[in-house]
Amino acid sequence: MTPIKRSKMKALTKNKLRAVSMSASMLILSSSVSYADSSNTADSSSTVKQSHALSVLSQSEQQRLQSRLSKVESEVERLLPQLTLEEKVSLVHAGGKFHIPAIERLNIHEMWMSDGPHGVRYEIDRNSWAPAGWTNDYSTYLPPLTAVAASWDPKMASLHGNVLGAEARHRNKDLILGPGVNLARLPLYGRNFEYMGEDPYLAATLVVPTVKAIQANDVGATVKHYALNTQELNRTGVNAKPDERTLREVYLPAFEAAVKEANVYAIMGAYNEFRGTNANQSHHLIKTILKGEWEYEGVLLTDWNVDINTYDAAMNGLDIEMGTAVESYDEYFLAAPLLEMIKAGKVPESELDDKVRRILRVQLSIGMMDKQRLSGERNTQSHRDDARTIATNGVVLLKNDNQVLPLDANKVKNILVLGPNADKRHGFGGGSSEVKALYEISPLDGLKAKFEQSSNKVNIQYMRPASSQFMPIPNDYLTTRHWTGTPSWQINYYSDKQLTKLSSESWIADPQFDAKGQPQNVEILANIKPMESGSHSLKVLGDGQVSLFVNDELLLNENAKQTTIIDKEVKLTAGETYAFKLVYQGDSKVTLGWETPNSLYNSESEYLTAAKQADAVVYFGGLSHADDRESIDRPDMVLPGQQDEIINKLIKANPNTVVFMIGGSAVEMPWAEKANAIAWGWYGGMEAGHAYTDILFGDANPSGKMPITLPKKLQDTAPISLNDYNETESLYSEGVFIGYRWFEQQKIAPEFPFGHGLSYSKFTYENLTFSQSKLKGDESLTVSANITNTSKVDGAEVAQLYLYDVKSSVPRPLKELKGFDKIWLKAGETGQVNFTLNQRDLSFWDINTNDWLAESGEFKVMMGSSVEDIRLQKSFQYQQ
Ligand code: BGC
């Protein structure tokens, strides 16, 4: 077997690359999105066109851009020699929380950055993490990238990127800190919601239009986090040690595509270590791969406050250091310490020059010195429409037995709506990706809005079901927030019984603490704002010594028993803020609950009676940013609160119950078999409620597919079953068998497989054809099939192409996604899906030659509606 030659990117200049990327993104942006209207009231075969007024660059704008880009390199070379050593050093580290400094005498401006991946973050103070207090920094809150991934549609990625780019520009930002493309290897990972699912091919395909669309707005995209940021547990210390093949085949392709196909201007490093050194200063990741093999010409910036050292960072290709927690900007690793090393001859000035060249190149390419730079737009109607379109296209219909969905507004007159996400808003949460949304339509708002102006009277009843278990004080009453936006209780751990020696601090979303058998002295604190005035009955269930203080007044001091609830009546006033403090000393558990006047919650008999009487029940459950959030992983895959108990009861009470899940990561769904209708809506952005309502009533036909596997239980997943999830190191022991590849290899049935998603339409697959029966060398193969919409409603199918190398010298997945095509078909219509397979698609990373290798032999093409629902298959022979 001889290895194939690495398919070298054609040596395009950066200017040519930029021009190519611009025109490609314009092509995509000029198309319009349509989805089927399957409402029972309207003509079921009509197609609703959702057009969006995306600004396409005019001929003259293109010429202006070409002219700007053609001068970039000569401008870089003109400016560089004019900079003093000190000035050059000033450019490679932060001059504020989110910018690098200006050099006014040379017309080099401050370069401003902003989070984040699904909307431009509110303005943060120049020199601290505090909000700047602006009142005009609202933006369009887009559905997170998980929803884009679930659309399996490059057009949605373009829409997303365009809104982000235009709004970043309008807020005078130069780099937007997104998109994120780390893979969802572990369902517990707190940041899965920010990324594009578990599959390298899916993420690599969708990151390209996202980046192109951002950059078409004269703003640089920042693809993050390079690389292997796949857990938040000890995120700044965990050592990622995948083998080389796994690195190349699984964790790098999305970054590689962003560099080679989208000419991304910025990449952010990851917090974690890579093979023993911080990822931001890894020679292998940066000098060898990113800037060597991939010929990347943009900048690599750190994540905010990383564990690096001056020499390695300077020598191994880091260009900009951001967010370091030191007293002055001069103390940054790439500030005074770098200057000293250069002066002492320890770091050659040419290394610094390379960094400065890259920074200037990016600044010039995005027009920072161009008076005619695009000025962007923000919070426009078309951006809101785009947010809605993306949210709609990302909804995945997981199950629809007995055709519970779509709901028929002519028949379903009483709808009971429940669940923790029915009236929850998610924009302001999750960590750095938080968005100060112009507004946010909750699922309940969306449902109500549909019937508000309508002559068709549908009664929407909303209830908050109480659990039969002892409930902690709901976080709706909390005014204290963790920095990630999550309403939270602070926990102080003390090493002495007198609570004088603070040993560590943490936080929890609910006042529920488990000492797990270790004797603990803890204080659990939060500020609470009651909604009703009157007598509140505070309740503690625990095992150990508990004392409860409200505004420093001791209300309870008892030795609690796990089976006994201790009660204390206290009068509280609505709207006032009270400081609650629960002190717990013991080795077991404690929960703080209460009963309020006019409880927010409905008793079991109330909500079940209402459920039985309703024509349909919609339960909006799942996660929130108390679970899906930066800096901390979830402890388990169980639905928070007592959701499983309540869902079980609801689906028993009314078979027309729709369980509508919201969340960015997998959860266990032990009731899935019994539920008739299950949908998954991610976090839907500011238009979530409208989008979900469209799906529920068939004004839009669901077309999303799962970008992650939904396992039955956590233990089924690779990192947990291989015991490869801890604070110290991650070996990525499953190798290239991430996500569905693992489930297939281990023959474990998931709850819902990768790629799964139903439609109100039905599709058949026929006539799988190849452009040639044999493939040789670097030839490519076109694979086609006919898809027919055999139903009476217009809709879309995502045909997925999986490949299997039948005989290989290395273990290869039984199925690897290598193509997908989303096709919209009218009722009864047949269309063709087309895919191109090339040599790289057939290849694995060969560690002997350090290159891609496609081995001769049989390759099986499997095409279907999910990884488990293969409809057509056929093999071809490959000859090297
Ligand atoms: C996150 C990045 C983010 C940065 C700036 C970090 O905590 O990991 O994704 O862009 O903060 O807010």
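Let's start with a pair of strands. Strand β32 (residues 795-805) and β37 pair in the antiparallel sense, joined by 6 bridges. Two strands count as paired if DSSP finds at least two bridges between them. Strands themselves are DSSP runs of E with at least two residues, helices are runs of H or I with at least four, and both are numbered from the N terminus.

A quick word on the model. It is predicted, so local features need pLDDT of at least 70 and side-chain atom pairs count only at pLDDT 80 or more, while totals for chains, interfaces and linings use all residues. Residues are numbered from 1 along each chain as its sequence is written, and side-chain values use heavy atoms, with hydrogens and water left out.

Back to β37. Which residue stands opposite Met862 of β37? That is Tyr802. On its other pairing, β37 meets strand β38 (residues 870-879), antiparallel again, over 8 bridges. β37 and β38 form a hairpin, with 5 residues between them.

Buried means under 20% relative accessible area, exposed means over 50%, and partly exposed lies in between, using a 1.4 Å probe and protein chains only.

Now find Gln800. Gln800 sits in strand β32. Gln800 has 0% relative accessibility, so it counts as buried. Its side chain makes a polar contact with the side chain of Tyr802, at 2.7 Å. A polar contact is a pair of N or O atoms within 3.5 Å; within protein, one must be able to donate a hydrogen and the other to accept it, and residues adjacent in sequence count only if both atoms are side-chain atoms.

Next stop, β24. Strand β24 (residues 589-595) is mostly covered, with 5 of its 7 residues buried. Strand β17 (residues 512-514) runs antiparallel to β24, joined by 3 bridges. There, Asp514 stands opposite Lys589. Strand β19 (residues 534-542) also pairs with β24 in the antiparallel sense, over 6 bridges. In that pairing, Val540 stands opposite Leu592.

Gly544 belongs to strand β20 (residues 544-550). Its relative accessibility is 10%, so Gly544 counts as buried. What does Gly544 contact, leaving aside its neighbours within four places in sequence? The answer is Glu558, Asn559, Ala560, Tyr584 and Gln585. Contact here means heavy atoms within 4.5 Å. For scale, take Val148: Gly544 and Val148 are 396 residues apart in sequence and 48 Å apart in space, C-alpha to C-alpha.

Now a sheet. Here 6 strands form an open sheet, in the order β3-β4-β5-β6-β8-β11, and the pairing is mixed. Why is one side of β3 (99-100) and of β11 (299-301) left without a neighbour in the sheet? Both stand at the edges with a single partner strand each, so one side of each has no neighbour there. Inside the order, strand β5 (residues 175-176) and strand β6 (residues 220-226) pair in the parallel sense over 2 bridges. Ile176 has Ala221 in β6 as its bridge partner.

Two helices, quickly. Helix α9 (residues 253-260) has 7 of its 8 residues buried, so the rest of the structure largely encloses it. Among the buried ones are Pro253, Phe255 and Val259. Helix α17 (residues 643-653) is mostly covered too, with 8 of its 11 residues buried. They include Gln643, Ile647 and Leu650. The buried residues of α17 pack against β13 (414-418), α16 (604-613), β25 (616-622) and β26 (657-662).

Last, the ligand. Of the 15 residues around the ligand, Asp115, Arg191, His225, Asp303 and Glu630 come nearest. Near means that a heavy atom of the residue lies within 4 Å of the molecule. An oxygen atom of the ligand is 2.4 Å from an N or O atom in the side chain of Asp115. For the side chain of Arg191, that distance to a ligand oxygen is 2.7 Å. The protein covers 97% of the 310 Å² of accessible area that the ligand has on its own. Those areas come from the Shrake-Rupley method with a 1.4 Å probe; for residues, only the protein chains shown count as cover.
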